[in-house]
Every structure is written in C-alpha cells, then in structure tokens.
Amino acid sequence: MAVLSGLDYEVFLSFRGRDTRASFTDFLYVSLTDAGIRAYRDDEDLRIGEEIGSELLRAIKQSRISIPIFSKRYAFSKWCLKELVQMVECKKTMGQKIMPIFYDVEPSEVRHQTGKYGQAFLEHQNKEQYDDGTISEWKAALSEVGALKGWDLHSMPNSVFNSKNIRQEGDLVKKVVKKIFSELKKGLLVLSDCLVEVDNHVSDIMSVIGPQTHETRIVGIHGMGGVGKTTLAKIIYNQLSLDFEHHCFLSNIRETSKVKGVENLQNQLICDILKRERKDMSISNTNEGIEMIKERLCGKRVLLLLDDVDGKNQLNALMKKRDWFGEGSKLIITSRNKEVLNIPQVDWTYELKCMDSNKSLQLFSKHAFKRDSPLYDYLTLSRKAVGIAAGLPLALEVTGSLLSCKSKENWDVILKKLEKVPHKEVSTCFFIGYDKEIAIHLWDDSELFPEEALEVLQQMSLIKINEDNKLWMHDLIRDMGQEIIRRDSNMVTEEQTRVCRADEALHLLMTNTEKEKVEALHLELRHNAEHHLADEDFMKFPNLRFLIVNGGNKGKWLIDLIAQHKILGIIFGIATGKLRQNFHLPINFFQKKSLLQKLRCLTWSNIPLNFDMAKLSMTNLVVLRLPRCRITHSWDGWSPIKTARRLKVLDMTECWDLVETPDFSGLANLERLIMMGCSSLAKVDKSIDVSFCWQLHVLPNEIYMLKSLEELLIEGTPIQDNMSSNPSHGQHL
C-alpha cells in the first residue's frame, strides 16, 4: 500500500481518452498543474516499459483525490471501470475522496447504468471476456460513485451554454480547481519526504480505524521516544482528514501541559473544532474546559490526534468519555508509556518498535545519499553509522544528514567521534539548562573531548546553545539518551550509570543494595511525602560523581509573605521563620569523611541550613551550585567549601539572604563565582557575577588584581558606571 505523504501525485484524473482528452480533461489538467497541484493523467505520465493497468492503479493508490470524468463512452472502457473499482476500494480502506464530474451524462445514467452506460454493459456481456463477478463489481462501483456529490454540467445554471450553444467549461474548471485546492490543504500535517517501513504499520492501524468503520474508534500508538510514533500517527491522520469536517492535532501534549497547562490544550481543541479564534475563547480551569468540551463538541464527528500523552489526567481532561464527541469520531493517541493507554476508552493499541538493520540502512541512505542504498565505497562506513543509531529513526535521520556530502576521510573522523558522543549525549541529558562552560568543566575525560563533542551534537541538531549560553535539548533526544542508559543496564535501575528520573532516583536511594555503577543522581525532595535521609543511604554510591537535589523552587516573595502573615506550619516545604524542607537529616548525616569522594558536581537548591558540609568530601569537587538557598555569610558551610582546591565554579544564584560574601582566598582554581539575583548583597569579597544586585556600589581593589578572573558580570548594578569612569579597573577582564 502506498503512503499518503511525500507523494508523486495528489489528484488522479480518470477519463475516456477519445471523449475528453484533447478538450475538457486537458484544460482541467493544465489548470490543476498551474495551481501547484500534482495531477496524474495516463497519456502523459505513463512510464515506459510498464503495463498501463498496473501503473494507473498504483497512481490511484498514491493520490489523495480521484476525479472520474463521466462521459458518454466512459463505461465502454475496461480500464476506466478498473480504475473506478480501485477508487472505491481506496475510499473504503484508505479514506481517499472521490469527486466525480458528470460531463455529458446525467448522474442517474451512471448510477443506474441506463442509456449509453446500459449499452456499454450489454457490449461487455456479449463479448464474454469477463465473468459475472467482474461485471457486478463494475456496476456496483458506478452505482456508488454515481450517488456521490460532484459537478453535473447539465444541472448548472444558464452559464453552462452561451448564446452560441458552446459549453462554457472554463467556469466549471475554475470551481473544480478551487475546491480541490481547498480539500488538499485542509487538515494536512507536514511529513518527511524520507519515509521507510511505514506501509505495514499504516495498513495495520487503518484496518482498525479506517473509513470502513462507521462507529467511534480510539486507538493508541506506543513506543520509545524517537521511534516514529508521531510520524506514523500523522500519516493516519492525513489519510483520514479528507473525510472529516472537524479535525484537530494537539502536538507535544507532555511538554505543553507542563508549560502552559492542560487548559491551553482544551482551549485549542475547542477552537480548532469550532473554527474559533483562540483569543475569543478563555478557559480558566480544567473542570470548566471539560464541561465546555462535553457541551460544545458532543454533536461533532471529529478527527483528533493527541500526540505524546504521558498522563491519564491529560486524557481525562481531553476525552474522558466517548460520548464527548459525535458518533463516527476517530481518535489517535501516541504515548511512550503503554500504561497510559490502558483505559476502557481505548479500543486498540499498537506498539511501534525500532527498525531492523536493512530498513535502518535504507532510511540512513535517504538522508546521507538521497537514495535508498549507500554508495558502494561508503557501505562499510554506512553500516557503522547505522549501528551507532541503534534502529532509532530520529538518530538515523540526524546522523545521515550530518554525514551527507562529506568525504570518506571526514566520515571516518566523525564516526569515531559519534562512537564517543552517545556517552557525552547521556551526560548532556543530565545538564540541560546548565551554562555551557560549566558543563565542560564537568567532563574531565580527555578522550571525550567535550568541546568537540558539543560541537558535533550541535551540528546534528541534538542540542542547542541558547542565547544565554545554556544547553537546550529536545525532549525526544533527551529521552533517547536515557533510553540508551536503560538498554545498557538491561532496564535495571541499580545498573544504570545515570538516574535522571526523580522517582527512580528516590526509590534507588531507599533500597539497600550497592549501586557501584551509578555515577549521576537527580533527586526531587519537594513532594508532600516526608523523606528521611541518612548517611548510609549515600554510602551505597561509591562512584557517584554528579548529584542534583531539588529542594523546592520558591521565590523570595513567598518567603516574605509567610513571614509577614506568620503562617504556621509548612507551606511548600518552608516553615515560618526558617527553612525546613519536607525531609529530615540526622545529626550524623555525612558522618564518614570518605563519603562521596568522587563527587565532581553538587547542585542543591534550598539546601537545609543544618546540612554539615564538613562531612562531605571536597577533594574532587569542581562545580558547586547552591541556588535559592537561605544561607548567609556566617553559614558554617563556607569553611569546608574553602578546602575544595579543585573547585572552578561556585554558583549561589538568588541567595536572597546573603548580605556579604565570605573570604574565598583559599579557592585558588576558582574561575567563576556567580551570585546573580542576590538582591540583598551589599559587600563583595572576591570575583562575582553580580548582575542585578541593585544595592551593590563598590568592589574591593583586590578583585581587579585577580589574574585568573576571566569574566565579571555587573549588569544592572551601580558598579557599571563606576568602572566606566575608571578604565584601569578590570582592564584584563
């Protein structure tokens, strides 16, 4: 079966050559082509050496719209009748649209096979070349298409004939082209031109949700990130769209619901179906959106694609019950989590798996060589690249595009880097949102050449460096990196090198088994449940190098608000008068000095004030980030921090209670001291990023003598004016 995307043709013209080829059909074909519509007609597009029948039937399958032009001798042609039967089959199984033109015959003549059409079947029967089954199939096709709404020249207004009784076909052609153009652009989603191994998937799903089913159908497609779920769902959506007046594509639901809320998705759904401007529709909460969907869309037969759903709450807000939409609606859901689709509303689920080596090589070749197979001299290198991509279409696409038009020597260099890059990509997943320079400090393995690896990742469009110099990665790529970790560990969390999911990390922390392979851990300790942590919990991570602990994300306005109103108890993990998070640290926390000796990076937002930094090894610490903490210059943690001889980055962004900084003279290798947003800071001891510290007027003279200080960010402070008046200050910065 041909897929309706990246097609050779959009419209198939079926006609009897001797009747209309040199007149009406030629005019219609030229007009469609001039409008940018790819139309097929047999006399011009016949491929040499192929049987006309099979070529024509294949063109029908490729096209989205078929236009049979019924003339007086149309039914005398066996090829026209064969084409018509195939059109009807494609309409039933693939959702294609048939838009007939009754050129010089009445629709009833076609529908009931009377007049010339009756004579044509008498002739077919007299020749005895076709059995009764074939004759019946032809008649059934004529009856079905003859009943469809189309264009009937006989029933058109007086403009059909002018004073000389010459048919004014130009007006009709204009109407046809306008309608076809409108139908083709309606609801069509953009797809790649390089699709491989989708036909079987499309056929399987269309057999369940295709136009042959008249009742409401809901299907789910699940599989790992980057495997092609969205692409497959778009193909299905495009095939069905012509049969629906009301349709909506909600993309990237997982991220959109996090950033904008599920109400935004409800608003888009309602506006797209009702064809309303989004500014005219306002949904204040999820419950209001649910009621509006139920009331406004219950009578609408809709085509709906919900892309990348990761929670049943999202489905409940958008399609909790089947009767929210009209009978005959078709809903397609994609998700990485099969469990999300395990609900009564979903009729059927389909798992999309990675591509095999042959199909992987074909897809890679389409992007690398613009053909279905590699050039002979590149075959070995191509197979090596395909092995690195591990059957993921997304990885095959970006790798092929990266290597396209490059020499064999460059291929060899790039592939050697790519063999290292997946490990670097995994690390990158862990540091999304970090400053690029900080991330580079953390990758000390010289074989991984961090700067070159980041460059390769950027060239592959796997990551981006934003304007603020921070790492950004598409969530699909991020999840692909995490999936690599899971595969390498046979899906055993304790065997993973990096545990990025907070729920998995917390569960891992509470287990009693040794976790020697874990090098990176990301904890979220801001939930309602209380967490009791002990030093023994961390002793089971002897090789931990990266530790991120998110203790909450509260702004100073909230802290001040609590203090002003003397609210008692814990609100979002903060207690009146002091910081107290919803987990407990024992007195002997980090009692053993050997704990976490390989730690290179510690990030802990809202760190508890009773946290004893002296019990934590500082030997290998390179980056220490303590954002949004209530620490002051007299905090006990400063003394052990000064012993971190290898520390290069100290980040205390938005530490609102910090009025002055301690003496950092012991940090000989410190390159960046970031205190952006420390709004109470009035006195500085050493090199600092003091952007937007509005009360800071003066820096000590010593700061201008620091030879290792490469960057001083003072944007938004009165210091900026002072330095402008004294150019000798900071001349080496």
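1. Helices α13 and α15. The axes of helix α13 (residues 262–274) and α15 come within 10 Å of each other and cross at roughly 35 degrees. Axes here are lines fitted to C-alpha atoms, for helices over the stretch in contact, with angles running from 0 to 180 degrees between N-to-C directions. The crossing of the two helices is right-handed; a crossing has that hand if the near helix is turned clockwise from the far one by less than a right angle, and is left-handed if anticlockwise. On the α13 side the contact (heavy atoms within 4.5 Å) is made by V262, L265, Q266 and L269, and on the α15 side by Q314, A317 and L318.

2. Basis of the model. The model is predicted: local features need pLDDT of at least 70 and side-chain atom pairs count only at pLDDT 80 or more, whereas totals for chains, interfaces and linings use all residues. Residues are numbered from 1 along each chain as its sequence is written, and side-chain values use heavy atoms, with hydrogens and water left out.

3. Confidence. The average pLDDT (the predictor's confidence in each residue, from 0 to 100) is 77 for the chain, and 72% of the residues score at least 70. Residues 44–51 stay under 50, and the model gives them 15 contacts beyond four places in sequence. The pLDDT is also below 50 over residues 553–592, a stretch with 86 contacts in the model beyond near neighbours in sequence.

4. Overall architecture. The chain comprises 27 helices and 25 strands, defined as DSSP runs (helices H or I, at least four residues; strands E, at least two) numbered from the N terminus. Of its 733 residues, 53% are buried; buried means under 20% relative accessible area, exposed over 50%, and partly exposed in between (1.4 Å probe, protein chains only). Among contacts in the chain with a separation of 6 or more, 67% join residues 24 or more positions apart. The accessible surface comes to about 34100 Å², and carbon and sulfur atoms hold 48% of that area, as computed by the Shrake-Rupley method with a 1.4 Å probe.

5. Salt bridges. The structure holds 18 salt bridges, each a side-chain nitrogen of Lys or Arg within 4 Å of a carboxyl oxygen of Asp or Glu. One of them pairs D26 with R41 at 2.9 Å, N to O. D26 lies in helix α2 (residues 24–34) and R41 in the loop between β2 (39–40) and α3 (42–45), 15 residues apart. D26 is partly exposed at 28% relative accessibility, whereas R41 is buried at 7%.

6. A bridge between helices. E144 and K92 form a salt bridge whose closest N and O atoms are 4.0 Å apart. Because E144 lies in helix α8 (residues 132–146) and K92 in helix α5 (residues 78–94), the pair ties together parts 52 residues apart in sequence. E144 is partly exposed at 26%, and K92 is partly exposed at 42%.

7. R254 forms a salt bridge with D308, with 3.2 Å between the closest N and O atoms. R254 belongs to helix α12 (residues 253–259) and D308 to the loop between β9 (302–306) and α15 (312–319), 54 residues apart. Both R254 and D308 are buried. Salt bridges with shared partners join R254, E255, D308 and R336 into one network.

8. Helix α18. This helix (residues 393–403) is largely enclosed by the rest of the structure, because eight of its eleven residues are buried. The buried residues are P393, A395, L396, V398, T399, G400, L402 and L403. Just after α18, C405 has a positive phi of about 65 degrees.
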